[in-house]
Amino acid sequence: MKNYIIEDQFKLQVARGKIKGATVINIFGHNNSQGTDFRTVWEKSDTTGLLKPASALQMTVTSDIGDTSDDGVIIRVIGLDANYDVIAENVTLNNATPPITTNSFLRINTVVTISGNATGNVSVSNGANEYAHILAGTGKNQASIYTVPAGYSFYLYRIDGFMNDAASAKSGEFRNKSTLSSGVVLRVADTPFINQMNIQRRFPFKYGEKTDIEFQIRSLSGTNYCGVFGEGIQIKDDTPIPGNTDYLYFP
């Protein structure tokens with residue numbers, strides 16, 4: 001018997017991992033000292049722009065604690081290879097011999113702790129270039145960048161942005177930067193806001209395969225704390241959806 005699913009139920013089933021070919025994607029960005037230049041929000045966007053490798057690279061994963069305290073903590077690096085296909089690898093922190101990934105990453109979408117808790121900041125880098133960062137005690141990177149894998153599309157439902165200092169709300173400006181697989185760069189949805197911005201889409205915005213999505217924020221005065229959150233669903237492009245306009249069917 002076929003199972004027909006209305007929109008809210010469909011979203012719940014995606015979150016439960018029950019819909020083949022569909023995944024919830026949450027994009028988090030955070031920085032304590034976002035400046036007056038537009039930067040993709042991540043843990044170090046107060047000092048440098050978030051780098052994207054020009055070619056697929058092996059990554060070294062290290063903790064800055066400088067001793068054996070974080071040895072044995074397991075970090076999972078999830079990203080894309082040279083063909084924009086999803087790859088993931090677990091590495092175990094080792095102060096004496098920092099691990100190098102076997103896989104080569106063209107993009108890094110997520111870095112997350114899966115065993116133990118690092119007491120230092122964790123870096124994912126190649127040479128002098130750092131491509132992802134986990135702040136001590138957080139367990140996961142918080143970078144407002146996401147690259148859509150080959151064969152998938154990403155459907156963005158909402159974006160929230162925040163800007164404040166220790167005492168009060170502050171003014172900021174948001175924009176959505178997209179780099180298409182053709183190399184075309186779009187900087188759209190430029191939005192000034194005070195303290196908080198919320199964008200809810202009645203219809204999700206589609207990003208095609210191999211698109212780099214970057215949520216960028218700048219302070220309009222001084223350096224301030226900022227955060228940005230995006231939420232959407234990623235669906236494999238060949239996922240079957242029948243013609244019924246009221247319901248979605250998945251076997």
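Q: What should I know about the model and its numbering before we start?
A: It is a predicted model, where local features need pLDDT of at least 70, side-chain atom pairs count only at pLDDT 80 or more, and totals for chains, interfaces and linings use all residues. Residues are numbered from 1 along each chain as its sequence is written, and side-chain values use heavy atoms, with hydrogens and water left out.

Q: OK, how many aromatic pairs turn up?
A: Six, from a search of the whole structure. Rings of Phe, Tyr and Trp (its six-membered ring) pair if their centres lie within 6.5 Å; planes under 30 degrees apart count as stacked, over 60 as edge-to-face and the rest as tilted.

Q: How do F174 and F215 pair?
A: They are tilted, with 6.1 Å centre to centre and 45 degrees between the planes. F174 is in strand β12 (residues 171-179) and F215 is in strand β15 (residues 212-219), 41 residues apart. Strands (E, at least two residues) are DSSP runs, numbered from the N terminus.

Q: Is F174 buried or exposed?
A: F174 is buried, at a relative accessible area of 0%. F215 is buried too, also at 0%. Buried means under 20% relative accessible area, exposed over 50%, partly exposed in between (1.4 Å probe, protein chains only).

Q: Which residues touch the most other members of the largest nonpolar core?
A: F154, I159, F174, F215, I217 and V228, out of 18 residues in that core. A nonpolar core is a set of buried Ala, Val, Leu, Ile, Met, Phe, Trp, Tyr and Cys residues joined through side-chain atoms within 4.5 Å.

Q: Which element gives the most to it?
A: β11, with four residues.

Q: New topic. What sits over the ring of F38?
A: The charged end of R175, 4.2 Å from the ring centre. The charged end of R218 sits over the F38 ring as well, 5.5 Å from its centre. The test is NZ of Lys or CZ of Arg within 6 Å of the ring centre and within 35 degrees of the ring normal.

Q: And the open sheet: what is its strand order?
A: β4-β8-β9, with antiparallel pairing. Two strands pair if DSSP finds at least two bridges between them.

Q: Which strands stand at the edges?
A: β4 (60-63) and β9 (129-134). Each has a single partner strand, so one side of each is left without a neighbour in the sheet.

Q: Where is the bridge partner of T60?
A: In β8, and the partner is S125. β4 and β8 (residues 122-126) pair over four bridges.
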